[in-house]
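Here is a short briefing to read alongside the model. Keep the structure open as you go through the points.

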Amino acid sequence: MAAAVAAAPGALGSLHAGGARLVAACSAWLCPGLRLPGSLAGRRAGPAIWAQGWVPAAGGPAPKRGYSSEMKTEDELRVRHLEEENRGIVVLGINRAYGKNSLSKNLIKMLSKAVDALKSDKKVRTIIIRSEVPGIFCAGADLKERAKMSSSEVGPFVSKIRAVINDIANLPVPTIAAIDGLALGGGLELALACDIRVAASSAKMGLVETKLAIIPGGGGTQRLPRAIGMSLAKELIFSARVLDGKEAKAVGLISHVLEQNQEGDAAYRKALDLAREFLPQVDLVTGLAIEEACYAQTIPTKDRLEGLLAFKEKRPPRYKGE
């Protein structure tokens, strides 16, 4: 792992060799059962190609529907506050079909704004992160956009992705990732930041960055080992292996695996069922009140004053349990 980390700074420069080359390389390993329409070799992969969506390989399922490349940027993330019996559940729906839900500057900006609003909203009880694009959760970083960045831009942007993912991990309510399709690279890192992950058996998941001569940069090197163990996490990162839903369940990467339905939203429906189970439990307002009451009990203690004095005097505290 140390060798991979040491190699990362120089490897970042390889991303600037051209967007077409990166996209062509990426399409080779995104999913063995899927291919992009037409050949990307020798020509630029423009919006018209991306807008057509994935075309199934022989024997694969038929595509659900096509998408326009004229989508407004404000539609790339849809925040829905559910009502009636689902009141308290918020769904963050990634809707960037022409870019395979990849993490662009605009999408990261919108995610950051949405998370900032949700973390202070006392009416929110559970958050589900899903895709509104059939067959895709999030294909990772927007490589076409990344290829246009200078070396000085890449580091700060990856740091921004990491910060947003960390903010999701630190939300004060349960979070569920509904993986109904591809979750690769930064897409899987986004899912790893959630408390619970559910996936369709046909979903594909992996930290595939080493195929692009880089390493996971959105927390994957830290959260994947915590989810499945150090040895297996190293194996998956070093090999850039992609797992399907059943394989991911077997190694503990996800909590539930479902057979995909005709609508392509089996994981989302399971996530919604889980969120409904959470609603009757202790809500955030009550939880914060309990925390406040417990903290109040520490205020008059001698140990609290000793802790403050020890900090001021730069010495270890001598607690007595008083």
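**Salt bridges**

Lys 119 and Asp 116 form a salt bridge, with their closest N and O atoms 3.2 Å apart; the term means a side-chain nitrogen of Lys or Arg within 4 Å of a carboxyl oxygen of Asp or Glu. Please bear in mind that this is a predicted model, where local features need pLDDT of at least 70 and side-chain atom pairs count only at pLDDT 80 or more, while totals for chains, interfaces and linings use all residues. Residues are numbered from 1 along each chain as its sequence is written, and side-chain values use heavy atoms, leaving out hydrogens and water.

- Lys 119 is partly exposed at 43% relative accessibility, and Asp 116 is partly exposed at 34%; buried means under 20% relative accessible area, exposed over 50% and partly exposed in between, with a 1.4 Å probe and protein chains only.
- Arg 96 and Asp 142 also meet through their side chains in a salt bridge, at 2.9 Å from N to O.
- That pair links distant parts of the chain, 46 residues apart: Arg 96 lies in the loop between β4 and α4, and Asp 142 in the loop between β6 (136–138) and α5 (143–147).
- Arg 96 is buried, with a relative accessible area of 6%, and Asp 142 is buried at 10%.
- In the salt bridge between Arg 269 and Asp 265, the closest N and O atoms are 3.1 Å apart; Arg 269 is partly exposed at 42%, whereas Asp 265 is buried at 13%.
- Across the whole structure, a search finds 13 salt bridges.

**The sheet**

- An open sheet of 6 strands runs in the order β3-β4-β5-β7-β9-β12, with mixed pairing; strands are DSSP runs of E with at least two residues, helices runs of H or I with at least four, numbered from the N terminus, and two strands pair if DSSP finds at least two bridges between them.
- β3 and β12 (256–258) are the edge strands, each pairing on one side only.
- β4 and β5 pair in the parallel sense over 6 bridges, and Ile 89 stands opposite Thr 126 in β5.

**Helix α4**

- Helix α4 (residues 105–118) has 14 residues and reaches 20 Å from first to last C-alpha, close to the 20 Å expected at 1.5 Å a residue; that expected span is 1.5 Å times one less than the number of residues.
- Its buried residues include Leu 107, Ile 108, Leu 111 and Val 115.
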